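Student: Hi! Could you walk me through the side-chain links and the helix packing of this structure?

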Amino acid sequence: MAKTGRTRDMMDPAGRMVKVQRRTRIVRWIGTVLAGIVAVLATVFTVDAALTLAAHQGDQNAYDHAPYCQGVTNATESCVLRTNASVALVDVTKNTGKNAHGYTTSALLAPQIGGQDDWVDLSSSSDLSGSVNQGDTMPVLVWRDQITRFTFAGRTHDSDANPHHIVAGDLVELAVWLTVAAAFGRPRIRRLLRNRIAINLHRNRIPDWTLVGLVLATAVAALLRASYAAAGFGVAAVAVLALSAAWPFVPWVATPLAAQPYVPGQRAAARKARTQGRTRSKRLP
């Protein structure tokens, strides 16, 4: 009577072990590839976020130093226009995710002069459809044909087009992408070059601590709204991350310390001896 494949597997522990090991290697390989893709993309996004932040910070500086426009004008490239905007539409949507308990109230504002129609959020947590109606007017500020600030219910709010709002988002984006790039990229590099790093562990910690310091400096600069400093630290961190792949091959680093002659061969031999010792101890009654 022929035995089925399942019966052979049940009677062959060594075969099952080989399958488990093969499956583990495949899963590990997929995880390695995905981690590498995430690291590369996060690094590219970090550089893009740093350059975008620097450009938007320049826009914010121009906005902060722009004078108010004089008279009735549609030219708002170099000045900030104070005018009124009519409410063209009101939209209320139920929030999802962490804000699922509330509503977002948005209004489409049409400036009388100097700008284009634009949506603004009147509230991100409440239904204000009873407090605003189509045809109502609101004082607004217009810069470069966009509404940057509006006044509703006696309070002034920055719109999404306000340079300060844009820069704040860029700072968060830079800090997040840099953290992801460092968390995924540096371990991948260390694993690929683990034999070279083992030659001189002490000196190969320098890129690690440097990268950690630059990531923390970027986060602190983002909290302090120091845009140019955050962009500089971010680019420097990316440079350290990329150059750390060549660091173990630098002659000063590749030469073992006199007090720490720790080479890959000795490391592998020590690991093999520990493994064999644990195996023998398990076999003892």
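Student: Is R186 buried or exposed?

Tutor: A word on the basis: this is a predicted model, where local features need pLDDT of at least 70 and side-chain atom pairs count only at pLDDT 80 or more, while totals for chains, interfaces and linings use all residues. Residues are numbered from 1 along each chain as its sequence is written, and side-chain values use heavy atoms, with hydrogens and water left out. Buried means under 20% relative accessible area, exposed over 50% and partly exposed in between, with a 1.4 Å probe and protein chains only. R186 has a relative accessibility of 7%, so the answer is buried.

Student: Which residue meets the side chain of R186 in a salt bridge?

Tutor: A salt bridge here is a side-chain nitrogen of Lys or Arg within 4 Å of a carboxyl oxygen of Asp or Glu. For R186 the N to O distance is 2.5 Å. The partner counts as buried at 17% relative accessibility, and the residue is D208.

Student: Which helices does the pair of R186 and D208 tie together?

Tutor: Helices are DSSP runs of H or I with at least four residues, strands are runs of E with at least two, and both are numbered from the N terminus. R186 and D208 are 22 residues apart in sequence. R186 lies in residues 163-192 and D208 in residues 206-223, so the pair ties together helix 3 and helix 5.

Student: How far apart are N and O in the salt bridge of R190 and D208?

Tutor: R190 is partly exposed, with a relative accessible area of 30%. R190 lies in helix 3 and D208 in helix 5, 18 residues apart in sequence. Their side chains meet with an N to O distance of 2.6 Å.

Student: Why do the buried residues of helix 5 lie on the same side?

Tutor: The buried residues of helix 5 include P207, D208, L211 and L214.

Student: Which residues are linked with R144 in a network of salt bridges?

Tutor: The whole structure has five salt bridges. In one of them R144 meets D59 at 3.4 Å, N to O. This pair links distant parts of the chain, 85 residues apart, with R144 in the loop between strand 4 (137-143) and strand 5 (146-152) and D59 in helix 2. The residues networked with R144 are D59 and E77.
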